[in-house]
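Work through the exercises below with the sequence and the model open. Each task is followed by a solution in steps.

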Amino acid sequence: SGLTVILGSVAAFKMDGAILAGKVEDIAVLKRLGAVFVLAIALGAEAVTLIAWWLMPSAAWLQEKQMVLLVFPVGLCAQGIFSLATAEATREKRYGAFVASQVAVSVTSLLIQIVVGLSSLGLMSLIAGDILSRCAGIGMLGFSLRLRGLVIFRERLRFSGLLHRYRNYPAMLTPAALLNMGAQQIQNLLFPVLFGSALAGQFALASRVVNSPVGLTSSAISNVFAGEAASLGQDEEALGTMTLHALGLTTACALPMMVVTALLAPEVFAWLFGARWEQAGVFAAILAAGLSAALVSSPLSSLIMLRNSLQTAVYFSLAELLVRSLPFAIGAVWDSAWVAVALLSLGNVLLYLAAL
């Protein structure tokens, strides 16, 4: 799942960023170009999977693992197209369709994972829910492609011209996105390795519960801000005024979340999930400051694309990877998960202050 998210975020080679910030007359072709990239990445992943399957002994491939790897390219394709559809809806300020797509993704994923999970199909319930929910989201966004025959051959000159015009987007945003997704996933990989699965479960629950309201609020503000900012073009005064307004809004949302989570999380977690999960509540209280800082600044990140300061995204993603990795190295030396979580939250506060 983590690998699908990481690779899926760059399957379109960040043509979703170009769609958001590019010229209106280029959007239709950028959509087709992004879809070609997505299809090429998915086919390449399928080829690698089949070659590995052919080379490795059959005993190494359990039936469940075979199914996971065979549908992995389909997940990449769904994730890539969904990112293109989201960028188009944001650019066109179709916020109602965006909301409907998010609801469709959540509800479809939940229902499929419950129904298929109760059928004892194991991991396939999670994968099927992830893929089909993305397809439902694409449908709600009304994403369409006007294919023109053999796209690559009929439009190769147009594709070549757009790639030259928007070359900074794949060149800068693709490595930035890989670093960013790697930074987000590294804590999920390092925590169980360094501190054991029991504490990792506590940390995972804390992260999920606290991240949910933060992520939803941040996503809602981000998409409206990006859509409105894209329509302003190079009007610096209007863009500056709207940015300050958005900053005030994100701060007003973040501060109550941080205070309530920091004060009440341990008791609420123990009441909701049982006394065994009180540690998760303490983790949530510690993480509150860092996640609130992320909510304040993250919605403004689309300015990097709109202002074409794409190198900034690479620098920030490198810093993010360092900030997410270093606390675990220090926590491992001290043999303390609490030190790692506290430094992670402090690092996030400093990182997002720097981002502002």
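**Exercise 1. Salt bridges**

Task: State how many salt bridges the chain has, and describe the one between aspartate 26 and arginine 165.

Solution. 
Step 1. A salt bridge is a side-chain nitrogen of Lys or Arg within 4 Å of a carboxyl oxygen of Asp or Glu. By this rule the count is seven salt bridges. The model is predicted, so local features need pLDDT of at least 70 and side-chain atom pairs count only at pLDDT 80 or more, while totals for chains, interfaces and linings use all residues. Residues are numbered from 1 along each chain as its sequence is written, and side-chain values use heavy atoms, with hydrogens and water left out.

Step 2. Aspartate 26 and arginine 165 pair through their side chains at 2.5 Å, N to O. Helices (H or I, at least four residues) and strands (E, at least two) are DSSP runs, numbered from the N terminus.

Step 3. Classify the two partners by relative accessible area: buried means under 20%, exposed over 50%, and partly exposed in between (1.4 Å probe, protein chains only). Aspartate 26 is buried, at 8%, whereas arginine 165 is partly exposed, at 46%.

Step 4. List the contacts of aspartate 26, a contact being heavy atoms within 4.5 Å. Leaving aside neighbours within four places in sequence, aspartate 26 is in contact with Leu162, Arg165 and Tyr166.

**Exercise 2. Two further pairs**

Task: Treat the pairs arginine 94 with glutamate 92 and arginine 324 with glutamate 320 in turn.

Solution. 
Step 1. In the salt bridge of arginine 94 with glutamate 92, the closest N and O atoms are 2.8 Å apart. Arginine 94 is partly exposed at 26% relative accessibility, and glutamate 92 is partly exposed at 41%.

Step 2. Both residues belong to a network of salt bridges that links Lys31, Glu88, Glu92 and Arg94.

Step 3. The side chains of arginine 324 and glutamate 320 meet at 3.3 Å, N to O. These two residues are four apart in helix H14 (residues 310-334), so about one helical turn separates them. Both arginine 324 and glutamate 320 are buried.

**Exercise 3. Nonpolar cores**

Task: Which residues touch the most other members of the largest nonpolar core?

Solution. 
Step 1. A nonpolar core is a set of buried Ala, Val, Leu, Ile, Met, Phe, Trp, Tyr and Cys residues joined through side-chain atoms within 4.5 Å.

Step 2. The largest core has 44 residues, and Met15, Leu30, Ile81, Leu84, Tyr169 and Phe225 touch the most other members. Helix H3 (residues 27-55) gives the most to this core, namely seven residues.

Step 3. Take leucine 30 as a case: not counting residues up to four places away in sequence, leucine 30 touches Met15, Ala18, Ile19, Leu162 and Tyr166.

Step 4. A second, separate core has 24 residues, including Ala200, Ala285, Phe328 and Ala337.

**Exercise 4. A nonpolar surface patch**

Task: Which helix supplies the largest share of the nonpolar patch?

Solution. 
Step 1. Patches are made of residues with over 30% relative accessible area and no salt bridge; like charges are joined within 9 Å, and nonpolar side chains (Val, Leu, Ile, Met, Phe, Trp, Tyr) within 5 Å.

Step 2. Val209, Val259, Val260, Leu263, Leu264, Val268, Trp271, Leu272 and Phe273 form the patch, with about 880 Å² of accessible area together. Accessible areas come from the Shrake-Rupley method with a 1.4 Å probe; for residues, only the protein chains shown count as cover.

Step 3. Helix H11 (residues 236-273) supplies the largest share, eight residues. Phenylalanine 273 lies in helix H11 and is partly exposed at 37% relative accessibility.

**Exercise 5. The whole chain**

Task: Summarise the secondary structure and the burial of the protein chain.

Solution. 
Step 1. The protein chain has 15 helices and zero strands.

Step 2. Of its 356 residues, 43% count as buried. The protein chain exposes about 18100 Å², of which carbon and sulfur atoms supply 69%.

Step 3. The C-alpha trace spans about 65 × 60 × 35 Å along its principal axes.

Technical notes
Contact means heavy atoms within 4.5 Å.
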